[in-house]
Amino acid sequence: MTFSIDKTDGNARAGTLTTAHSTIQTPVFMPVGTVGAVKSLDAKDMMEILDAKIILGNTYHLYLRPTSKVVKEFGGLHGFSKFNRSFLTDSGGFQAFSLSKISKPDEHGIHFKSHIDGSSHYFTPKSVLDTQYDLNSDIMMILDDLIALPAEPKRVELSIRRTINWAKEAIDYHKFKQSGGAGLTQNIFGIIQGGTDYEARKFCAQALCEMEFDGLAIGGLSVGESNEQMYDTVEGVMPYIDANRPRYLMGVGTPEDLVENVERGVDMFDCVMPTRNARNGTLFTSFGKINIKSAKFINDHAPIDPECSCYTCQNYSRGYLNHLYKARELTFFRLASLHNLHYYLNLMKQMREAILQSKFSEFKRNFYNKRN
């Protein structure tokens with residue numbers, strides 16, 4: 001993997017990240033394909049209509065079903081899904097957190113029970129990488145100890161201690177595996193934890209920056225803290241994250257979150273919000289969100305967003321989408337998801353262009369002025 005900074009505008013960065021499967025211009029939003037597919041869309045939708053360069057897969061879910069060994073037999077995620085561009089796979093740490101009623105971390109990993117059949121499993125820093133070697137993802141995330149916020153200082157301290165220890169174990173294991181010829185085209189990112197505690201984040205970031213990770217992620221945000229706390233935490237930790245490596249803010253977020261955190265120096269994002277909201281009838285536009293379920297759209301001949309060039313807006317009306325939603329027609333999920341993901345991907349392109357032209361402040365001002 002190579003990563004270069006093409007231009008900066010304040011702290012905002014436009015970069016180019018190249019993996020074995022695609023060249024990715026940053027800042028970038030990664031659509032979430034939890035089980036190897038972005039919900040309601042296929043590889044042709046992602047490549048030919050949306051032109052996505054990278055999507056995210058989920059180690060926890062793919063480990064349980066169909067299992068990483070099955071995916072490996074099909075040629076990894078690229079052969080299995082037919083999306084032949086880049087995949088990033090997360091480690092399962094967030095799923096262990098979100099399924100905390102059936103999971104429990106200890107010093108060496110995370111015990112959990114399958115949400116599918118209740119069977120018992122144990123993730124360790126090494127085992128989640130073994131799963132990701134089978135998946136053959138371009139970017140692998142390490143196992144980390146994620147906690148809900150707010151959290152007691154002792155729990156934050158335990159989280160960063162575990163995360164740093166697991167990071168050291170993971171990077172050493174990855175280098176060992178590569179020395180034996182495995183995972184040679186796969187890259188590994190560390191994850192910075194620490195809640196909203198400035199000193200904890202700084203300590204964790206500095207420790208991980210000393211390790212040979214290909215990129216660094218900020219984890220453990222958008223898990224209960226306010227937007228202001230999230231932004232302040234990102235801004236506070238950024239000086240301690242190596243500027244020469246890509247910076248990934250995990251699981252974030254709204255269009256406003258993307259704009260605010262690109263301004264603070266983040267290069268990569270993922271979130272289920274565009275596709276989940278699409279399925280629920282909430283559509284993102286240049287002027288804010290609309291709820292397509294509303295009766296006011298029944299006779300509306302306009303596209304979702306007159307400024308949008310997506311497949312859905314170029315071909316269908318608000319009135320038709322309102323009808324599809326109310327009729328519970330599955331076609332709605334595809335058309336709405338195409339629109340929302342186009343909006344997110346196009347937002348990133350607009351920010352990149354603004355950075356390249358040294359006009360990010362102007363872009364941000366216009367972004368907020370247009371919204372309801």
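1. Contact here means heavy atoms within 4.5 Å of each other. Helices (H or I, at least four residues) and strands (E, at least two) are DSSP runs, numbered from the N terminus. With those in hand, look at helix α9: its buried residues pack against β11 (187-192), α8 (198-209), β12 (215-218), β13 (247-249) and α10.

2. A quick word on what you are looking at. This is a predicted model, where local features need pLDDT of at least 70 and side-chain atom pairs count only at pLDDT 80 or more, while totals for chains, interfaces and linings use all residues. Residues are numbered from 1 along each chain as its sequence is written, and side-chain values use heavy atoms, with hydrogens and water left out.

3. Back to α9, which covers residues 227-237. Which of its residues are buried? They are Met230, Tyr231, Thr233, Val234, Gly236 and Val237. Buried means under 20% relative accessible area, exposed means over 50%, and partly exposed is in between (1.4 Å probe, protein chains only).

4. Now for Glu260, which sits in helix α10. Its relative accessibility is 10%, so Glu260 counts as buried. If you skip the neighbours within four places in sequence, Glu260 is in contact with Tyr231, Lys364 and Tyr368. You have already met Tyr231, as one of the buried residues of α9.

5. Next, a helix pair. Two packed helices are described by the angle between their axes and the distance between the axes. For α10 (residues 255-263) and α14 (residues 331-356), the axes come within 11 Å and cross at roughly 25°. That makes α10 roughly parallel to α14. Axes are lines fitted to C-alpha atoms, for helices over the stretch in contact, and angles run from 0 to 180 degrees between N-to-C directions. Angles under 35 degrees count as roughly parallel, over 145 as roughly antiparallel, 65 to 115 as roughly perpendicular, and the rest as oblique.

6. What do the two helices touch each other with? From α10 come Pro255, Leu258, Val259 and Val262, and they meet Tyr343, Tyr344, Leu347, Met348, Met351 and Ile355 of α14. By type, the residues of this contact of α10 with α14 are 10 nonpolar, no polar and no charged. (Ala, Val, Leu, Ile, Met, Phe, Trp, Tyr, Cys and Pro count as nonpolar, Asp, Glu, Lys and Arg as charged, and the others, Gly among them, as polar.)

7. Have a look at Cys271 too, in the loop between β14 (268-270) and α11 (273-279). Buried or exposed? At 9% relative accessibility, Cys271 counts as buried. Leaving out neighbours within four places in sequence, Cys271 is in contact with Phe29, Met30, Val32, Gly251, Val252 and Gly253.

8. On to the strands, which pair if DSSP finds at least two bridges between them. β1 and β2 (residues 12-18) pair over seven bridges, and Ser4 has Thr16 in β2 as its bridge partner.

9. Another open sheet of three strands runs β7-β8-β9, with antiparallel pairing. Its edge strands are β7 (103-105) and β9 (120-123), each pairing on one side only. Here the twist averages 15° from one strand to the next. β7 and β8 (residues 110-113) pair over three bridges, and Pro105 stands opposite Ile110 in β8.
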